Amino acid sequence: MTDTLYYQPKSVDEALQIKAELGAEGTFLAGGTDVVVGIRKGKLKVARTIDLSQVPGLDGIRRHDGFLEIGAMTTHKALEQHDVPAALAQSCETVGGPQIRYLGTVGGQIGTASPAGDVSVALIALKADVELRSAARGTRRLPLDEVFVGPGKTVIADDEMVTRVFVPLGRRSDFYKIGKRDAVAISLVMAAASVGPAGDVAIAIGCVAPVPLRIKRAEALLDARGLSDEAVDEAATIAREDCSPISDHRGGADYRRAMAGTLTKRLLSRLREVTPVKAKPAESSAEVA
Ligand SMILES: Cc1cc2nc3c(=O)[nH]c(=O)nc-3n(C[C@H](O)[C@H](O)[C@H](O)COP(=O)(O)OP(=O)(O)OC[C@H]3O[C@@H](n4cnc5c(N)ncnc54)[C@H](O)[C@@H]3O)c2cc1C
């Protein structure tokens, strides 16, 4: 007899209590698009499954206090059909095919911690925060880019779950994905960028490092110098320099590195079309070099 157990909690508190008791042995099941594939391929041994599908209050999207609040069980399809920032909608539209988007969730995307997570890259570029909750310590909130520490690895503790994601409203954004096909294709490289109401820029790139990568050095340069041609070219160079891609069956490291620069330039150029170019402040390049 296989020693497998399946739990179906009816509240967040109950789910967290079970997780606290099981620790690393317990695996949350959201849409199952990663978990089930992992089990079928023999990469994931799941002995204790905590199904979140019957937990009320974990899905839904609402605008509150300057943020879009997205419940962890919100599917990519629901986000695609909702009025959400452009980069987020675009990233959701490119996840797998319709069947995957009806099942796959934001919480599952974060839990999987894939460097190829399209939605994670868009959320990082939108400066999203994530809310984590445990039975013992309550909630904590941290920037999404601080959650990922390696492929499949996060700072989420064994007794915690993702409950919500907070996306600041008012940022203009864009997303671009390169894959082998237009649908049901894991990204070869993808990137997203956003500009805030005060002109601050955020850039994230996927598939070019062990984690979805935020290009903070380029952001600092652009914040100081605006989206001039020169600054955008320098930001693209930094994106190429700061990534550490690998070669695999989908593509080569050199190609990925080149595309990190190309996509950075393309996204920033598009965002600039409706963003006034800041006057270059004196000696700003020295400050951010
Ligand atoms: C055919 C196919 C195509 C795909 N294409 C793409 C693609 O193009 N782009 C892309 O980004 N992804 C793609 N994926 C991957 C997948 O669909 C996404 O990562 C999806 O967001 C996972 O969500 P889920 O709800 O199915 O997660 P699940 O499989 O249920 O869970 C994934 C992981 O997250 C954990 N988890 C789930 N919910 C929580 C929570 N609330 N708190 C903490 N941990 C949690 C689980 O324990 C598990 O470790 C594809 C998958 C398949 C099968």
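Trainee: What follows α8?
Mentor: Gly226 follows α8, and the phi of Gly226 is positive, near 75 degrees. Helices here are DSSP runs of H or I, at least four residues, and strands are runs of E, at least two, numbered from the N terminus.

Trainee: Before I go on, what kind of model is this, and how are residues numbered?
Mentor: This is a predicted model: local features need pLDDT of at least 70, side-chain atom pairs count only at pLDDT 80 or more, and totals for chains, interfaces and linings use all residues. Residues are numbered from 1 along each chain as its sequence is written.

Trainee: Back to α8. Which of its residues are buried?
Mentor: In α8, residues 216-225, the buried ones are Ala218, Glu219, Leu221, Leu222 and Arg225. They sit on the same side of α8, because they cover an arc of only 165 degrees around the axis. The arc is that of the directions from the helix axis to the C-beta atoms. Buried means 20 or more other C-beta atoms within 10 Å of the residue's own; exposed means 12 or fewer, partly exposed is in between, and C-beta atoms are placed from the backbone.

Trainee: And α1, which residues are buried there?
Mentor: Ala15, Leu16 and Lys19 are the buried residues of α1, which spans residues 12-22. Their arc is only 95 degrees around the axis, so they lie on the same side of α1.

Trainee: What do they pack against?
Mentor: Strands β2, β3 (48-51), β6 (129-134) and β10. After α1 comes Gly23, with a positive phi near 60 degrees.

Trainee: Which residues other than glycine have a positive phi?
Mentor: Cys207 is one of them, with phi near 70 degrees. Cys207 is in the loop between β13 (201-206) and β14 (213-214). Cys207 counts as buried because it has 30 C-beta neighbours inside 10 Å. Ala113 is not a glycine either, and has a positive phi of about 55 degrees. Ala113 lies in the loop between α6 and α7. Ala113 is buried too, with 22 other C-beta atoms within 10 Å.

Trainee: Switching to the ligand. Which residues come nearest?
Mentor: Of the 31 residues around the ligand, Gly31, Gly107, Gly108, Gln109 and Gly111 come nearest. A residue is near if its C-beta atom, placed from the backbone, lies within 6 Å of the molecule or strand. Elements giving two or more residues to that shell are β2 (26-29), α2 (35-40), α5 (98-103), α6 (106-112), α7 (118-125) and β10 (160-168).

Trainee: Which element gives the most?
Mentor: α6, with five residues.

Trainee: How does the shell split by class?
Mentor: There are 15 nonpolar, 14 polar and two charged residues. Nonpolar means Ala, Val, Leu, Ile, Met, Phe, Trp, Tyr, Cys and Pro; charged means Asp, Glu, Lys and Arg; the others, Gly among them, are polar.

Trainee: Now the core. Which residues touch the most other members?
Mentor: Ala125, Ala191, Ile203 and Ile205, out of 76 residues in the largest nonpolar core. Such a core is a set of buried Ala, Val, Leu, Ile, Met, Phe, Trp, Tyr and Cys residues joined through C-beta atoms within 7 Å. In soluble globular proteins, nonpolar side chains tend to be buried together.

Trainee: What does Ala191 touch?
Mentor: Leaving out residues up to four places away in sequence, Ala191 touches Val121, Tyr176, Ile203, Ala204, Ile205, Gly206, Leu263, Thr264 and Leu267. In contact means C-beta atoms, placed from the backbone, within 7 Å.

Trainee: Is Val189 buried or exposed?
Mentor: Buried, with 26 other C-beta atoms within 10 Å. Val189 is in strand β12, residues 187-195. Beyond four places in sequence, its contacts include Ile178, Cys207 and Met259.

Trainee: Last topic, the whole protein. How many helices and strands?
Mentor: Eleven helices and 14 strands. Buried residues make up 43% of the 289 residues. Among contacts between residues at least 6 apart in sequence, 64% join residues at least 24 apart.

How values were computed. Two residues are in contact if their C-beta atoms, placed from the backbone, lie within 7 Å.
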